[in-house]
Every structure is written in C-alpha cells, then in structure tokens.
Amino acid sequence: MATTFADQLRSLPDVALGALIQLRPDLVVPLPADISALAVRAQSRGSVARCLDALDEFTLQILDAARLSRDPDTILTSVEAITELAAAAPADDVRAAVDRLRARFLLHGPEHELQVIGAVDEVTSPYPAGLGRPADYLDPLAAALCADRAKLRRTVLAAPPAARAVLERLAAGPPIGALNAAAMAEPVRWLVEHHVLVPVGEAGRAPRPDGELVELPREIGLLLRRDTGPLGPLRPTAPTPPSAVREAKSVDSAGAGQVMEAVRITETILETLGAEPAPVLKTGGLGVRDLKRLARATGQDEASTAMLLEVAYAAGLLGEADASGAPRGVYVSRAGGVEEIFLPTGTYDLWRATGIAQRWETLARSWLAMTRQPSLIGQRDERDRPITPLSPDAERAGAPQARREALRVLTALPAGTAPSVDAVLGQLAWQAPRRARGREAAHRDALAGAVTLGVAALGAITSYGRLLLDDQAEPDPDPLGLDAQPSAAGSDVVRVLDALLPAPVDHVLVQADLSVVVPGPPEPELAAELDVVAEHESAGGASVHRVTAASVRHALDVGYGAADLHALFQRRSRTPVPQALTYLIDDAARTHGGLRTGSAGAYLRSDDEALLAGALADKRLAPMALRRIAPTVLVTAYPVARLLGALREAGYAPVAEDAGGAAVLTRPKVRRAASRTPLAAKVAEQPGPPQLAGPRLAGVVEQIRRGDIATRAARRAPVTVRAAHGQGVPGLTAVQAHGQAMAVLQQAVRDKARVWVGYVDSHGATLSRLVRPVSLSAGYLRAEDDRTETLHTFALHRITAAVPEEDERR
C-alpha cells in the first residue's frame with residue numbers, strides 16, 4: 001500500500017495522472033523533473049490556493065466537513081464521517097463532491113482513511129464552516145459548560161435578547177468578534193461571564209485599537225446551528241433565480257443594432273483624433289478635456305466613449321506618435337521637449353476598408369483579451385488623482401478572466417434567458433466563491449462592456465456572442481501546426497453577424513435640398529467617396545450627408561473634376577440628381593483654380609487682374625503681407641500651405657501649381673501612428689496555465705514518468721557513480737573514474753554483463769542508468785536497457801563512471 005503522497009501519485013495509472021494534470025494544470029508549469037517534484041508542487045501553498053479558487057461553494061463546504069470530521073489523534077477522516085456531517089445534503093451529491101476533491105488530491109488515501117492535504121489549512125480560514133475551535137482548547141470553564149449539555153441549553157436560552165443576537169451572528173460565522181469597552185457594556189459581558197464566549201489573544205500581534213477578541217466555541221456554534229445543520233445552509237447546485245425570457249431573434253436584432261453603433265462610435269473617435277490629435281499626459285493616458293471632446297463628437301456619455309477608446313487601442317487602431325509634424329499643431333511640454341500624441345495607426349485604414357462584421361469581430365476579440373478595466377476611468381486613485389483613459393492606473397491583469405467568467409454564466413443559460421446583473425453575480429459567487437470575492441466591480445464592468453459592444457442585448461447573450469466565447473474557449477485542435485489549411489473558426493462569428501446586419505448599399509438618395517441619404521451601411525468605397533464630396537450630418541441605420549460649396553471645393557482640391565463629380569452622383573444616386581446640385585458643382589468648378597500659388601515664400605497669380613486686386617485689398621488676407629510684383633502676380637514671405645489655408649478660409653478657391661505652372665491637385669496627407677499588433681492576436685488564449693489534452697497531455701505524463709524512473713535509478717546507483725556526479729569520495733577523482741569506466745565497459749562488452757553507467761546528458765544534467773553494453777567503438781557506447789528493451793547510445797566523453805552490477809552495493 002502507498003505510504004507517502006508521492007507514492008500515491010506514482011501508483012496512479014497514466015489516465016488518472018493525466019486527469020490530475022488537467023484539473024490542476026499549474027502543476028506542470030514548469031515541467032517537474034519527476035513524480036516527487038510533482039508531489040511537492042501539488043502540496044505547495046500556491047498550487048493548493050489556485051485549485052481551491054476554482055471550486056464551487058458546495059465542494060468547499062464538503063472540504064470544510066472533511067476538516068471538521070478529522071480524528072484528533074490520527075488527523076484522518078472518512079467518507080462516512082463527511083457524509084454524516086453533511087446529512088442535510090443528498091448523499092450522492094456529497095459523494096460527488098468528495099470524488100472531486102480526491103481527483104484533485106486535496107483529499108487522498110483510502111475512503112476509510114482520508115487525509116486532507118496539509119496546505120489546505122494554511123490557505124483557508126482557520127475556522128472551518130465558520131465554526132470556532134473546540135471548547136477544551138479555548139478554556140476549561142467553557143469546556144465544562146459544553147460537557148453538560150443540559151446546562152448549556154439552559155444558559156443559551158437564558159441569554160438576554162441582545163446577547164442572543166450576538167450569539168446568532170457569531171454562530172453564522174466567523175466565530176470571532178472584537179471585545180472593546182463599548183461592546184462589554186451588557187450583552188458581551190453577560191456571555192463572557194457565563195463562559196459562552198471566551199476571550200482569546202493572538203500571539204505576536206500588535207495591540208488592537210478596538211480591544212481584545214472573543215471566540216464562540218465550536219460546540220455552542222453547533223448547538224445554535226441545529227436548524228440549518230453543522231455546515232450551515234447547503235446548496236449542492238447553483239441557485240436559479242427567476243430570469244426574463246426574450247425571443248432569441250429580438251436579442252440578435254437588438255445586438256446587431258448595437259454592433260453597428262459601436263463600430264460607428266469607434267470610427268468617430270478615431271476620425272476625431274486623426275483630425276485633432278490629443279496629447280499624451282506625462283503620467284500616461286488621455287486627458288479629461290480630450291475625453292469630454294470625444295464624448296461630444298460621438299454623442300455618447302464619457303463612460304461608453306472611454307470604453308470604446310480603450311478597445312480601439314487594444315485592437316491596434318490607436319497609437320502614440322511624436323507630436324512633431326502633427327496635422328493640427330505641435331504639443332510642446334513645459335520643459336521644451338516634444339510630447340507624444342494619440343493618432344490612428346496605419347492598421348485603422350485597413351480595418352475601415354473591411355465589412356462591419358469583420359470590424360466588430362476585431363473589436364470584440366480585443367476587448368476580451370485586453371487587461372484593462374474601463375469602469376475605473378473617472379474614479380480616484382490612491383493619491384486622489386482621477387484615473388484617465390489609457391493610463392496605467394486602469395490596468396488589471398485579471399480583467400480578461402473576469403469577462404469570460406461573467407459571459408460564461410450567460411452562455412450556460414438557454415438562448416434568450418436574460419438574468420439580472422445581481423443574478424449573474426450570485427451565480428459567480430456560487431461557482432467560485434474564493435475567486436469571485438472582491439471582483440464584483442470587474443464582473444459588472446464585463447457585463448456593461450458586453451452591452452456596449454453588442455455581445456449581449458436585452459440582458460441575454462446573442463447567438464454570435466456565444467460563437468465568440470466558444471471559439472475563445474476551444475483548445476487548439478492542431479497544436480503541432482500540421483494542418484496546412486487555415487482554420488475558419490473565426491469566420492463563423494462574421495457569417496452569423498453578417499446575416500443579421502443590413503446588407504451594405506452601393507447607392508444614395510440625393511434630395512432637392514442637397515441632402516444625401518444612405519439607406520443602410522455604405523460599402524467601403526462609397527463611404528470613402530462620401531467623405532470627400534459631402535459633409536456628415538447624422539448616423540444610424542440610414543445615415544445623412546449634405547453637399548455644400550465647401551465640400552465640393554474639397555473634392556475639387558483632391559483631384560476630382562466637375563465631370564467626375566457629375567458622373568459620381570449619376571452613378572450612385574437612385575433618385576434624379578437635383579438641378580441645384582449640378583449648378584453648385586459647375587459654379588464651384590468655374591471659380592476653382594482662378595488663383596494659383598507657388599513658392600516665393602509663395603506667390604499668387606491670376607489672369608483676372610480684378611480678382612487679384614480684390615485679394616490684395618481683402619483685409620482678411622492682411623496677415624499674409626501680400627505685395628504686387630506684376631499686374632497678375634502677388635508674393636508673400638509665408639509658405640504655400642499657409643497661403644492656401646488663408647485664402648480658403650477667406651472664401652477663395654485657389655489651387656497650388658508646380659514650377660512648370662501645372663495645377664497640383666492631391667489629397668492632403670493624413671498622419672498615422674506606427675501600426676501595432678492587436679492584443680487579440682498576441683493573446684491567443686486565456687492567460688494562465690495551458691489547458692492540456694490529447695498528445696500534449698500524453699507527452700507530459702510520459703516525460704514525468706521517464707524523469708521519475710531516471711531519478712529513482714540514480715538513487716540506486718553505486719557510490720562510484722554518485723561520486724562521479726559530484727559527491728566527494730576519498731581517493732577517487734574524475735580522471736581516475738573515467739579511466740576505470742573505460743576498462744569496466746570493455747570487460748562488460750566481452751562478458752555481456754550489466755553495468756551502472758553515469759553520464760551527463762545534452763542539457764548538462766547528471767543521470768545514471770543500468771544497461772547491458774553491446775559495442776564500444778567510434779567514440780560511442782551502445783547499450784541495451786533490459787527493462788525497457790531500448791537501445792541507448794552514449795558519447796564516451798560524457799560518461800563519468802561505470803560500475804558492474806554485482807559491485808553496486810560496495
């Protein structure tokens with residue numbers, strides 16, 4: 001029978017050992033050298049704490065039952081004792097919980113001699129199930145009272161109402177209370193004087209400002225729990241609070257609408273930052289004023305704007321760049337150095353050219369992976385400073401796990417089920433009470449973010465949201481990369497979402513008032529054209545743009561001709577093009593380019609002397625200090641770009657020209673920050689230990705088994721072999737051991753006898769193996785391991801010692 005924890009692990013079949021590794025994957029990070037190292041790690045405080053964090057409320061209560069039912073002398077318990085203590089729960093549920101604990105080796109040993117792993121008492125409350133320590137451990141007088149059951153009942157029943165309320169509170173757990181002067185007034189003094197509560201101290205602690213402590217003995221706590229049971233209320237299954245039920249189609253439709261809104265708001269944020277970049281604060285992040293500016297541009301509240309700003313940054317659509325050369329000014333710090341600014345990256349242009357579903361998928365996956373908690377933005381840090389968007393203070397490493405935990409509660413429910421936020425938090429508190437404690441804010445943030453992005457709608461998870469979460473949870477089906485065909489799992493989300501979204505349109509409806517209605521999401525090419533020729537007015541399922549004289553001049557500035565614009569509206573409009581629009585384009589084109597600028601600084605020329613004279617006399621152009629050098633030429637000391645801007649602000653329609661007099665018509669250069677890798681691409685799976693399965697798991701188990709065999713063989717190796725591995729042996733040096741080893745090996749080849757061989761492997765580790773030499777030539781020893789029937793090859797320069805098997809006990 002196995003006598004040690006390591007022996008119990010060693011006796012497990014490979015399937016059971018693999019199951020343990022799957023349940024506790026941190027045990028193989030890094031890979032242990034052998035079973036003994038695995039056993040030490042399985043009993044460590046950190047590993048046990050991580051294992052307990054994943055257990056549900058009922059399983060933890062059964063673990064408390066195992067701790068309470070231990071025999072004081074042997075420190076052992078049994079399945080029968082645990083079942084008796086948890087009699088309020090069905091026996092099958094108790095047995096299943098015990099099996100879960102044994103599968104994780106938190107309980108180990110035979111059923112009638114179960115032992116709780118030692119680290120459990122170190123990482124959990126010292127008061128199992130909220131019960132205090134036994135009375136005989138605390139105080140002899142309290143022990144005498146508890147020994148007389150009748151007197152104990154009379155004393156408890158005689159307690160004043162205020163004292164009885166104190167008892168009920170301590171009986172629910174924890175059984176410890178502070179004993180200060182105010183508390184000793186009446187109820188607590190009565191309980192202490194009657195030995196129902198015992199004053200206790202904590203060795204080595206500093207004096208408490210609120211006084212000493214009192215503890216409720218375990219026997220009295222069990223008496224007060226006679227109605228609920230020794231362990232308190234037991235819930236073998238998760239609570240199922242009432243939830244609203246929505247039609248799945250309505251949930252998907254509402255979610256699809258929010259998807260379009262989230263993508264539109266993200267584009268607005270990035271376009272606003274592209275037009276007017278925001279400086280990066282010295283402490284990192286975006287300033288409060290810039291956040292308010294973005295919120296006004298999007299028409300959303302600051303919380304939603306900040307959340308989508310964080311997601312855009314995580315998706316690699318937003319980045320930092322030096323402020324020098326910024327499109328709308330240079331931001332210089334007080335020290336005179338050039339600061340950084342937030343700008344859309346080059347990835348943004350590629351992202352915007354894709355469909356809405358693909359754009360949303362990029363945002364959603366980045367949101368799931370980003371280690372940021374947007375709900376912290378606007379709160380105060382420990383130095384009473386506001387937490388700003390993109391600042392380091394909003395970083396939370398556990399945020400991705402919190403999102404998945406909250407959303408998995410929704411995915412576990414039937415389609416259309418819409419529980420309240422408090423119901424979701426209650427489910428999480430039952431599923432993993434240790435992990436959920438203190439993470440309520442992160443879970444609320446996750447649910448709010450899911451609604452903002454459209455992953456959930458009307459309180460329920462959407463169909464494409466389920467696919468997104470399922471795709472994230474699935475292990476890699478091809479860990480070795482042998483499948484040459486790329487996986488199409490990620491496109492399932494896009495296909496489902498595309499079917500819910502309105503089809504992109506390639507046409508517009510031009511109205512008589514020069515408004516342009518787009519009856520649906522525009523195709524990327526149409527959206528790019530509208531950005532040039534019209535001004536955006538409103539968004540939604542059908543967006544509205546308006547053609548103005550300024551927008552037509554802008555189109556002419558970037559290279560469109562009057563004929564091009566007429567053809568564009570004829571091709572795109574499903575309604576007749578209004579005559580007013582035709583006149584507007586022709587009038588703008590007629591005056592466009594009437595003035596020409598070049599380098600002088602800059603010059604301004606025109607064949608129309610009256611037009612040039614008007615520009616010279618225009619007070620709005622006085623800052624340009626224009627002067628006439630010919631009847632048709634004006635010059636200024638300012639550069640061409642400055643002169644062009646001043647003329648356009650004054651209402652003129654100038655065109656730049658090159659040295660040969662040809663008009664220069666180009667789109668203005670849009671500055672972009674350096675491209676960044678989206679966070680979802682860098683974080684391929686949930687942070688934490690790898691989820692092993694299939695060939696990976698089998699390989700890990702085999703490696704541990706081999707390491708254990710090698711370690712045990714090394715422990716049985718003769719003293720000569722162990723000396724060659726570094727242990728000091730009088731009169732024996734490494735050179736002598738190697739010379740002797742060659743002679744021993746040559747004799748063993750002739751006799752076909754088994755020998756112990758000590759050697760250093762390619763990783764520098766010292767190992768020992770009992771083998772039967774087959775040949776010794778060309779600098780290598782070839783030997784057979786009779787136990788595994790494997791032929792091994794050893795480089796002679798790596799062999800440290802060789803001892804015949806019959807001499808191994810010397």
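Arg-235 is partly exposed, with a relative accessibility of 34%; buried means under 20% relative accessible area, exposed over 50%, and partly exposed in between (1.4 Å probe, protein chains only). The model is predicted: local features need pLDDT of at least 70, side-chain atom pairs count only at pLDDT 80 or more, and totals for chains, interfaces and linings use all residues. Residues are numbered from 1 along each chain as its sequence is written, and side-chain values use heavy atoms, with hydrogens and water left out.

**Salt bridges overall**
- A salt bridge is a side-chain nitrogen of Lys or Arg within 4 Å of a carboxyl oxygen of Asp or Glu, and the count here is 41.
- Salt bridges with shared partners connect Asp-64, Arg-67, Arg-70 and Asp-121 in one network.

**Glu-57 and Arg-235**
- These two residues form a salt bridge, with 2.7 Å between the closest N and O atoms.
- Glu-57 is in helix α5 (residues 57-68) and Arg-235 in the loop between α14 (218-224) and β6 (244-245), so the pair ties together parts 178 residues apart in sequence.
- Helices (H or I, at least four residues) and strands (E, at least two) are DSSP runs, numbered from the N terminus.
- Glu-57 is buried, at 18% relative accessibility.

**Glu-267 and Arg-359**
- Their side chains form a salt bridge at 2.1 Å, N to O.
- Glu-267 belongs to helix α15 (residues 248-275) and Arg-359 to helix α19 (residues 356-369), so the pair ties together parts 92 residues apart in sequence.
- Glu-267 is buried at 16% relative accessible area, and Arg-359 is buried at 7% relative accessibility.
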